[in-house]
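Hi,

Here is the structure I promised to pass on.

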Amino acid sequence: MKNKFTRRDFLKIGGAGLLTAAGTAALSSVNTNHNPGRNNHLIQTPAPMDHDGLPGTGDVDYERNGFNPSDILYDFDYGKVSTLPNGQTLREYEIVAVNKTFEIVPGIDFPAWSYNGRIPGPTIRATEGDRIRIRFINGSDHPHSMHFHGFHPATMDGVPGTGPGGMVNPAGEFYYEFDAEPFGLHLYHCHIFPLARHIAKGLYGTFIVDPKGGRPPVDREMVMVMSGFDIDFDDTNDFYAVNGIPFHYQNHPIQIKVGETVRIYLVNILEFDLLNSFHLHANFFHYYPTGTSLTPAEFTDTIIQGQAQRGILEFSYKYPGMYMFHAHVTEFAELGWNGMFEVLL
Ligand SMILES: [Cu+2]
């Protein structure tokens, strides 16, 4: 039987120290004396704990990865801005699909496909009615595309069978051009088949369309993209992450201040599991599904999202301290989708 690395193996192996020391070599010698398949994700042994009793691992090599989730939180890309003869704002981007290996947890490398060498890809941000022009270059060795959610002509849909933008071959390029609408929180991803594999390998990102005049001001805005990693390619996730690296915001809490108003653009692009979720501790948030209304639909502390669902959360903290946020699919939390807000006075 083929050796497969499963979530249970990770839990058996234990903490980050062993993974760091032994590296990926250890994984090939892991005893996989069990039935492969969906049941592998049942956790029968306690998750590895860090010194505070939290599940998790140590740090990855951010320099080698070339991106850091703490930066991605606040990295909104407004493009190269100019004005068209008709007065419309033009935002130009260059996005390159590249094969790149990322260390996702200490000692475990994932051979990803990425937009611009990061997972998620750039957070493209515009105002409703702006013209978006994206020069997409395929620097990878597989055909890829960019499929945006939102309104646009079929030829700009990035789906095979819709013209040259539907499938861009290696070394090829294509200009995707369309008006940013409707306002809301959207996403983009590769749409080449097998689709689940192209997405799960890392080809996705956030597309924010602000309403004309903007949303009501807040003190701090951030982007969170929820996804997973199937490191042995058995169509089951082994790790879960926000902005690319499992456990990142547990190892590096997000600092905010008491009373500060926070807005999170939350996107779910998780493959192989039907649902993802977000739960905020000791607090509630206003929730705007898809961000297409300025009136919140809900005031809650937990939401669920299917794949490609997304929404905007708004909240502030009354008291200082450390507050957890995580998937309330709690199995995901123990496999990486767990973070902390450090609320300062
Ligand atoms: Cu692709």
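Below is what I found, going from the whole chain down to a single residue.

One thing to keep in mind from the start: this is a predicted model.

**The whole chain**

The protein chain holds seven helices and 21 strands. Of its 345 residues, 43% are buried. If you take the contacts with a separation of 6 or more, 71% of them are between residues 24 or more positions apart.

Five strands make up an open sheet, and reading across it gives the order 13-21-20-15-18, with mixed pairing. At its edges sit strand 13 (254-257) and strand 18 (302-306), each of which pairs on one side only. On average, and ignoring direction, neighbouring strands of this sheet are turned by 25° against each other.

Strand 15 covers residues 275-280 and strand 20 covers residues 321-326; the two are antiparallel and share two bridges.

As background, strands of a sheet pair through backbone hydrogen bonds, and they can do so in a parallel or an antiparallel way.

For landmarks, find Val-223, which has Tyr-265 of strand 14 opposite it. Then move along to Ser-227, which faces Ala-241 in strand 12. Strand 11 itself spans residues 220-229 and is mostly covered, with seven of its ten residues buried.

**A look at Asn-138**

Last stop: Asn-138, which belongs to strand 6 (residues 131-138). Is Asn-138 buried or exposed? It counts as buried because 22 other C-beta atoms lie within 10 Å, and the cut-off for buried is 20 or more.

Which residues does Asn-138 touch, leaving aside those up to four places away in sequence? They are Ala-97, His-144, Val-168, Asn-169, Pro-170, Ala-171, Gly-172 and Glu-173. Also have a look at Val-96: it is 42 residues from Asn-138 along the chain, yet their C-alpha atoms are separated by 5.7 Å.

Happy browsing, and write back with any questions.

Cheers

How values were computed
Residues numbered from 1 in each chain as written. Predicted model: local features only at pLDDT ≥ 70, side-chain atom pairs only at ≥ 80, totals over all residues. Helix = DSSP H or I, 4+ residues; strand = E, 2+ residues; numbered from the N terminus. Buried ≥ 20, exposed ≤ 12 C-beta atoms within 10 Å, placed from the backbone. Contact = placed C-beta atoms within 7 Å. Pairing = 2+ DSSP bridges. Axes fitted to C-alpha atoms, helices over the stretch in contact; angles between N-to-C directions.
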